[in-house]
2 protein chains.
Amino acid sequence: MGKVTADISMSLDGFIAGPHDDRENGLGVGGERLHEWLYDLSNFHERHGTEGGVQNQDDEVLDESFRNVGAVIIGRRMFDIAEEAWGDNPPFHVPVHIVTHRPRETLVKEGGTTYFFVTDGIESALRQAQTAADGKDVSIGGANIIQGFIKAGLLDEIQVHVIPVLLGEGRPLFENMSPDPIELEIVRVIASPEVTHLKYRVIKH
Amino acid sequence: MGKVTADISMSLDGFIAGPHDDRENGLGVGGERLHEWLYDLSNFHERHGTEGGVQNQDDEVLDESFRNVGAVIIGRRMFDIAEEAWGDNPPFHVPVHIVTHRPRETLVKEGGTTYFFVTDGIESALRQAQTAADGKDVSIGGANIIQGFIKAGLLDEIQVHVIPVLLGEGRPLFENMSPDPIELEIVRVIASPEVTHLKYRVIKH
């Protein structure tokens with residue numbers, strides 16, 4: 001079975017989106033800054049069906065993040081905010097399991113993405129995603145989902161792309177965590193000019 | 001004139017001390033974890049008047065942090081918590097300016113440390129520290145002081161030693177910041193096995 005991984009851009013002060021993130025502005029006020037490092041990369045273009053892009057160290061990191069992913073799990077809030085932006089050919093190209101309290105019919109999109117709505121919790125979502133991933137990794141996304149997986153001891157690895165900015169306010173990656181410390185092991189650090197990629201293994205007890 | 005710098009250990013989830021940090025437990029519950037990387041280093045021993053210690057990459061980082069510092073500024077809360085632990089020969093070995101609302105007589109300690117109590121704000125503390133530093137850097141410490149200096153546009157560089165742990169709760173390095181984003185420039189990343197040293201320049205407008 002593959003690993004359960006998370007891959008997320010975070011400001012040095014811990015935010016993954018600016019304030020007021022909603023359908024109009026999925027990354028919140030100022031939050032686009034956190035994804036700037038991605039927009040010119042070859043792998044980003046490929047995922048979004050556009051041409052061109054740079055091939056550099058950051059692009060390799062991005063490629064590695066995508067390459068082993070066989071299925072994705074996200075929260076309903078993230079889905080609702082981004083569904084329209086992701087359009088008919090979403091950038092996932094694998095099955096996406098959306099953890100939600102509100103049932104919805106499975107949606108088959110173009111390019112390999114299918115949206116499944118899972119109403120019985122993250123462990124069920126993980127089982128379904130692991131089956132769908134067929135030996136590859138399951139990548140999870142969104143602050144709430146990442147927090148839930150860490151607290152439940154279900155996350156194997158997290159890569160944080162630290163962006164050199166203090167947003168000041170927004171949506172924190174880590175909040176509502178358990179007061180019991182969770183140890184990480186540094187897997188790898190890649191220092192690029194505009195972003196620092198920190199990959200950790202989550203130590204489970 | 002030297003730079004104004006900050007140098008601080010932070011958990012990946014943004015804490016510089018655990019909860020309930022007080023005189024009994026200066027780093028709060030679980031907060032010692034954030035300073036573990038320091039205790040065996042040669043420069044740490046030297047500062048604290050003990051023998052031995054390892055000389056490795058982390059020790060070089062620590063040496064660099066100390067080498068250029070001509071004066072220190074900290075908050076009264078940090079001082080009150082740590083004064084006893086720092087003892088008669090505190091680890092600073094330079095003038096220390098304590099920003100406070102409560103006046104107190106200047107205290108001359110052994111080994112080059114003198115405690116000055118500054119009651120008219122951080123800008124005054126900075127002027128006094130810069131005079132005392134005599135061309136060397138002024139190093140500032142404590143979350144409140146660092147936040148105040150960043151918001152006032154007075155911090156030149158910040159080095160964050162990112163510790164691979166999620167503390168879950170404690171004293172955040174960045175809170176009560178301005179909602180206006182502050183850009184940083186990555187100066188240097190040093191990846192050690194147990195800690196990642198991220199040094200940034202603060203971009204001022």
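pLDDT is the predictor's confidence in each residue, on a scale from 0 to 100. In this predicted model, chain A has a mean pLDDT of 96, and 100% of its residues reach 70 or more. For the complex, the predictor gives an ipTM of 0.96 and a pTM of 0.97.

**How the two chains are related**

Chain A is superposed on chain B by a rotation of 180° with 0.0 Å of shift along the axis, and the RMSD is 0.0 Å. The two copies are thus related as by a two-fold rotation axis. Within chain A, the C-alpha nearest this axis belongs to A:G14, at 3.3 Å from it.

**The contact between the chains**

Chain A gives 30 residues to the contact, and chain B gives 30 residues. On the side of chain A that touches chain B, at least two residues each come from β8 (157-163), β9 (165-166), β11 (182-191) and β12 (196-202) of chain A. The largest share, seven residues, is supplied by β11(A). By residue type, this side of chain A divides into 19 nonpolar, five polar and six charged residues. Of the interface residues of chain A, 100% are also interface residues in chain B, so the copies meet through the same surface.

Strand pairing also crosses from one chain to the other: β9(A) and strand β11 (residues 182-191) of chain B run antiparallel and are joined by two bridges. Here A:V165 stands opposite B:E183 in β11(B).

**The sheet**

Strands of a sheet pair through backbone hydrogen bonds, either parallel or antiparallel.

| Strand pair | Sense | Bridges | Source of the pairing |
|---|---|---|---|
| β1(A) and β8(A) | parallel | seven bridges | chain A with chain A |
| β4(A) and β6(A) | parallel | five bridges | chain A with chain A |
| β5(A) and β6(A) | antiparallel | two bridges | chain A with chain A |

A:I8 has A:V160 in β8(A) as its bridge partner, while the bridge partner of A:I98 is A:F117 in β6(A). A:V108 stands opposite A:T114, which lies in β6(A). A hairpin is formed by β5(A) and β6(A), with five residues between the two strands; in its turn, A:G111 has a positive phi of about 75°.

**Helices on the sheet**

**A buried helix in chain B**

In helix α6 (residues 143-151) of chain B, seven of the nine residues are buried, so the helix is largely enclosed by the rest of the structure. The buried residues are B:A143, B:I145, B:I146, B:Q147, B:G148, B:F149 and B:I150. Just after α6(B), B:G153 takes a positive phi of about 70°.

Notes:
Residues numbered from 1 in each chain as written. Chains lettered and ligands numbered in written order. Predicted model: local features only at pLDDT ≥ 70, side-chain atom pairs only at ≥ 80, totals over all residues. Buried ≥ 20, exposed ≤ 12 C-beta atoms within 10 Å, placed from the backbone. Helix = DSSP H or I, 4+ residues; strand = E, 2+ residues; numbered from the N terminus. Contact = placed C-beta atoms within 7 Å. Nonpolar A, V, L, I, M, F, W, Y, C, P; charged D, E, K, R; others polar. Pairing = 2+ DSSP bridges. Least-squares fit on C-alpha atoms with pLDDT ≥ 70 in both.
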